[in-house]
Amino acid sequence: MDAVVLDGITKTYAGGKILAVDNVSLTVKPGELFGLIGPDGAGKTSIFRMLTTLLLADKGTATVQGLDVVKDYRQIRKILGYMPGKFSLYQDLTVHENLTFFATLFGTTIEENYDIIRDIYEQLKPFSDRRAGKLSGGMKQKLALCCALIHKPEVLFLDEPTTGVDVVSRREFWDILARLKNMGITILVSTPYMDEASLCERIALIQAGSIMQIDTPDKIVHSYPVRLYAAKSANIYGLLKDMRDNAAVESCFAFGEYLHLTMKQDKGNAVADLEAFARQKGHTGIAVKEISPGIEDTFIRLMNQKNQ
Amino acid sequence: MKQLLVFIRKEFYHVFRDRRTLLIMFGLPVVQILLFGYALTSEVKNADIVISDQSKDANTERIISKIKSSSYFIVQEKQLAGPEIDAAFKKGTIKCVLVFPPQFGNDLRHDGKASVQIIADGSDPNTAKTLVNYLSVILLNYQQELAGGGVVPIGIIPELRMLYNPEGNGSLNFIPGVIALIFMIVCATLTSVSVVKEKELGTMEILLVSPFHPIMVLIAKAIPYLVLSLVNFTLILILSVGFLDIAVKGSLLLLFAESTLFIITCLSVGLLISNIATSQQAAMLISMMGMMLPTLLLTGFMYPLENMPVPLQLVANVVPSRWYYLIVKAVMLKGLGFSAVWRETLVLAGMTVALLSLALLKFKTRLE
């Protein structure tokens, strides 16, 4: 039995005027770390809220651990852990009071399930009498995760847990998720950061309410159908403009200090062609190379195909 | 059950750790009671009076000392002549003038009849009338004394007796109204804000996805404010008895029972507001504006309902504080028992059941 199943889920707001989730189907296997990758407004939060029984879908069905999200919502609420995107705990309660409150609310105690949160909570312990509002962003996220885990959920839903958290804390957070996965908890996590996608077992790329591709991060990267090139020069904005005017270039996007390009017809000498083109336009400090695509390249390519 | 207790404890933490909430909860009642009790009173006290005594005999002296000993007047020592009196009235330094003509004592002794002149500032008719009444009563009183406790030969003498409030203490009327106002504002505002706060913080999502029954969330929110409001009520009673010289004449138990009922009414209103409002500001605005005005205007403690147009009187019937006001007045000031207020209690209980069921029914177990 799959841990989470969505079948043709559609969700609209404002009386059908805004389409938030468009006919989404996906399955998450038991014990899997599954990522929902997409920009803000792609429909990630809506999907999470439907799975956590907080919203009703317009069309389609969904189950969590075989339980229907509409009919069996009370049973589902006992077995899921949920960390909402804007979740900020009770700022005026201490770390320990927050945790005690959520433990009791879910019918358990901190001691009973301490083994599951030990790794995370040990880091928070020195601050256990500090008010949650006085914690750093990373600490807050860890406390929130503790609160979501304290009742030993079977399925864990994390809506953008690393948004607004510093790079080091993000890294730590993903390490924690990997450990939780090893404990056998099914985890569904959403993130707008493409670099975090490779840390999931399988991912779904979602854009404007519909899913573009579902697979392992490796397979998604390898499914990139053409060769990808990176180019830079001293004047990166000028180069971007020139390359977009170049009739031979299919697509060109800025990625940090480089431009990522694909060719309309790739005859194998694209590196030299691009270099020559840049030099002819008067650019200096030119560097062009072939690179292997990342998740973000795939995402942009899929998005453009969909929009055409 | 344990969940509910922990939840209630959490609510108490929120209240006691937030200075603003504490201030609204306990500061507001104290300020209101003292304001309405002392400052905003319709009574006339310590009015400046000038007495022009042209007779200067034993009679006038005794009348003047009576006036001096009443708390309503401050007798100006300075003697003023005609034009000066006019100027003093215009400046507003005096409220009233009493003139004894030169033959006052003589007339009274020989004819048994004499006249005095009372001049009052008619630009403030209510005060003027009240002062003239006070003076008339004092003069009448003296007349009775002269008659040696017997009946004054001619004339009908009205024997005035203000039931339940012989001194005409103005705070008596205000206190029940202020109590109603305080409960309405404190209970409705604080509960609605505390529920909406959970929505804003995103913690409501967690509360909803927990196995804890959603209805229990509302109950856990309401109970701390019920307890605190009862503490508040005790505080108000102590203030009223201690500072405003108001005696609780009826059963204290009945008073607390009726107040508990009204507090639950107000909490239900607050919970209902929290269903509609999506931000703390909105919740605050709806409870303050939506509750304060009808309570102030249509309860009957500031403006008598009997003098209002019939449509407004009908509207006043659906204002819960109006019924609570009647109950408190009856129990606290008149010392009446439950048999005298069961109708009002029934109306209030009916409203409470309706509001509470509506609040519970409208509470969303999901986000929309």
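This is a predicted model: local features need pLDDT of at least 70, side-chain atom pairs count only at pLDDT 80 or more; totals for chains, interfaces and linings use all residues.
Residues are numbered from 1 along each chain as its sequence is written, with chains lettered from A and ligands numbered from 1 in the order in which they are written.

Let's start where the chains touch. In chain A, 23 residues are in contact with 21 residues of chain B; contact here means C-beta atoms, placed from the backbone, within 7 Å. Which element gives the most to chain A's side? That is α3(A), with 4 residues. Helices here are DSSP runs of H or I with at least four residues, strands are E runs with at least two, and both are numbered from the N terminus.

Now the hairpin. Strands β1 (residues 4-13) and β2 (residues 18-28) of chain A pair in the antiparallel sense over 7 bridges; pairing takes at least two DSSP bridges. Val4(A) has Val28(A) as its bridge partner in β2(A). Between the strands sit 4 residues, and Ala14(A) in the turn has a positive phi of about 50 degrees.

Finally, over to chain B. Helices α10 (residues 252-276) and α11 (residues 280-298) of chain B have axes that come within 9 Å and cross at roughly 135 degrees. Those axes are lines fitted to C-alpha atoms over the stretch in contact, with angles from 0 to 180 degrees between N-to-C directions. Among the residues that meet there are Val269(B) and Ile273(B) from α10(B), and Ile286(B) and Met291(B) from α11(B).

Notes
Two residues are in contact if their C-beta atoms, placed from the backbone, lie within 7 Å.
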